[in-house]
Amino acid sequence: MTVEIPIEKWTGKIQEVTLGGGGRKKLVIGGAATLPGLKFEGSTGNPTRVAIEIHDCEPQYPTLLRSAWGDAVKDPAVWAKKAAQAGAEIICLRLTSAHPENGNTGAAEARVTVQKVLSAVDLPLIVMGPGVAEKDNLVLMAASEAAKGERIALGPCEEKNYRTCAAVCISDGHVAIAKSPLDINLAKQLNLLVADVGVPLSSILMDPDTGALGYGLEYAYSIIERLKLAALMDDSMCQMPIISHPGPETWRQKEARTADGVPSAWGRSEERALIWEELTATALIEAGSDLVVMCHPKAVEAIKNTISKLNA
Amino acid sequence: MALTGIQIYKVLPKTNCKKCGLPTCLAFAMKLAQGQAELSLCPDVSDEARVSLEAASRPPMRLVTIGAGAKKLEVGGETMMFRHEKTFFHPAALVVRIRDTAPDTTIVEAVQEATSYSVERVGMTFGIDGIAIQNDSGDGARFATVAQIIKDKTDLPLILMSTDPAAMNTALDRVHDAKPAIYGANRNNIDQMIDLAKKHGVAMGIRGNGLDELAELSEKAAGAGVESLMLDPGARGLGDSLRVLTQMRRLAIKKGFRPMGFPTITFPGEGAASLDEQAILAAHYIAKYGSIIVLDTFSPAMIYPLITLRLNIYTDPQKPIQMAAGIYPIGNATADSPFCVTTNFSLTYFTIAGELEASGVPSWLMVCDTEGLSVLTAWSAGKFDAEKIAKTVMDQDAPSKINHRKMILPGRVAILKGELENELPDWKILVGPAEAMDIGGWFRKNWT
């Protein structure tokens, strides 16, 4: 018997967004013309890219994650180098110290940190503000200037402050990360707003928000699947490549952070924590994430392996 | 594939004779479409129409039962490609494989470990769904003995795995009353396996080398009357299995292709070099079209994340999981710890509990029953008001758990402060942050 394989004829495809250039490696994100891995019916575009998160000050990592990076967490330049060795394709630098509750550093410090990281590694860079609108504007503007010509990605660019982030991306040639809270309509609307200000469609990544395994993963998973289906049906405001944060979301949760005082049915904490990060990432990649931000070097290795097998 | 009332109406006699008990043929067609009437009520329907309606009204993927008794498994019966389209109905089964070459003591330990495993998540209890017994010894008598040992030690459904019909026959003779599934039909043994499945009335797994062969074997089995099938297309790698299982689901659901209209059986341990790889492959099968997932390692550090993932993927998107109303300790909360209030939408609860946990300040989180709505939605729907909060404080006996009388209200419903002060006159109402992520900062400023 010859079974006729059903093929979906998609009319749209995911935008390709390039990071890097200038003094660093170029990396293209997105580009798929079908759902993840389904190469029998169309191009799967660029494989999901893997970024490693670093911070500009020592973060509150649990012991297992802290010990994987050692004292590198004390210096973003050292950390960036170590992340590159661990297999990062992109460095995701979080300006954590700019948070009013966490040092409240300003534009000058952000500029210095970004320059340090840029000269430490030749990988493309993502710079994330602390997630407080007025501080994001301040430090992202500084980061943008410091990285002019290097085409980095800047975020979060949210509904309440998208104008500043979008404007600096336009003037310095960077990529905006449009972030919306777990809602497909808000994601689409924000893309529209950012595009309306004049950010080219090839310079927008979208972050429809990430829930870790057991902590809203199903919402992130389904919103990504819905965005991908809309994109393939040629809705241009859903065609931006998607960035997800399985690493940082996982390591905020008890299942990854806690070794003692949890049920024995949860299993050995070292294994469980890594699997938690890996399964969160796997599900998001299968849903259609184009870029995942990871934390633990071993999870990075496992997920890079997974991505290459998915496309093999 | 379900037909609409109009599609059914087209093949009915259209005489409005009322013999079915309904006033018109259209009304009867509507009832049929909703599954509320039987076609046999119409005495005048043509044979041709009967055949076409019966074929179309069969579900696109068969629901298959494995085992007998309270823990019996139901797999398959899916009707969607994506969970957001409606929901996935029958959670993928996590089964642990035991080999008949292991010493008896090891086998007994493994069975007891798997059978007694139990873990709680969002108020529900989960465990292992079944045990697969692999005939690696090549010895039918040994296979049957091990099947018997395992059956005596567990009430979990069993899957007997062997490609040797004689060994399968010996084992089935011993444990057939447990209604185990059998796995291992292939193009060489399909006839004998069909006979065994028919004789004992058990579900049968078929491994085909690719979809063409699999479709042929599945059609043969169904044609012989064995319709409780599980399909294995033979692919083991991540990319290959994603593609072939997607094709099978599409063939079953979108094309109504009967030979693929059965649940699948998958083996993440085959081809995995480490525990992490097995976990990732199993996760991939949970997300993408695995119905039975046969694990080769029993490790709670893998099982618990997999159970959690399955819960995420198989949750009905229309019906959010709710937390039970109650007062939950976060960290080592004491009678002096802060007392926060929220709603019972599980994502709201977990977001806030996560931030409370991350703040490092032990605290209490009181959950009010708001029928699964988040804070603002529940407030605007009148399900999260001062009266509800005050009633929950009393019902859950908050005064017996904490010494102070200070309550932290979600910032989004600051408007409730005045009313709450009237409802709970001896309490001080504090307005917390609007965003969960600001809880840590809020504590540092406002709680001493």
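Tutor: In this model, 55 residues of chain B are in contact with 56 residues of chain A, where contact means heavy atoms within 4.5 Å. The model is predicted, so local features need pLDDT of at least 70 and side-chain atom pairs count only at pLDDT 80 or more, while totals for chains, interfaces and linings use all residues. Residues are numbered from 1 along each chain as its sequence is written, chains are lettered from A and ligands numbered from 1 in the order in which they are written, and side-chain values use heavy atoms, leaving out hydrogens and water.

The area buried between chain B and chain A is about 4800 Å², with 61% given by carbon and sulfur atoms; this is the accessible area (1.4 Å probe) that the two parts lose on being put together, summed over both. In chain B, the residues losing the most area to chain A are B:Arg243, B:Arg250 and B:Ile280, together 14% of what that side buries.

Across this interface the rule finds nine salt bridges, each a side-chain nitrogen of Lys or Arg within 4 Å of a carboxyl oxygen of Asp or Glu. In one salt bridge, the side chains of B:Arg121 and A:Glu255 meet at 2.7 Å, N to O.

Several elements of chain B each supply at least two residues to the side that touches chain A, among them β4 (119–121), α9 (238–253) and α10 (275–287). Helices here are DSSP runs of H or I with at least four residues, and strands are runs of E with at least two, numbered from the N terminus. α11(B) gives the most to that side, with 10 residues.
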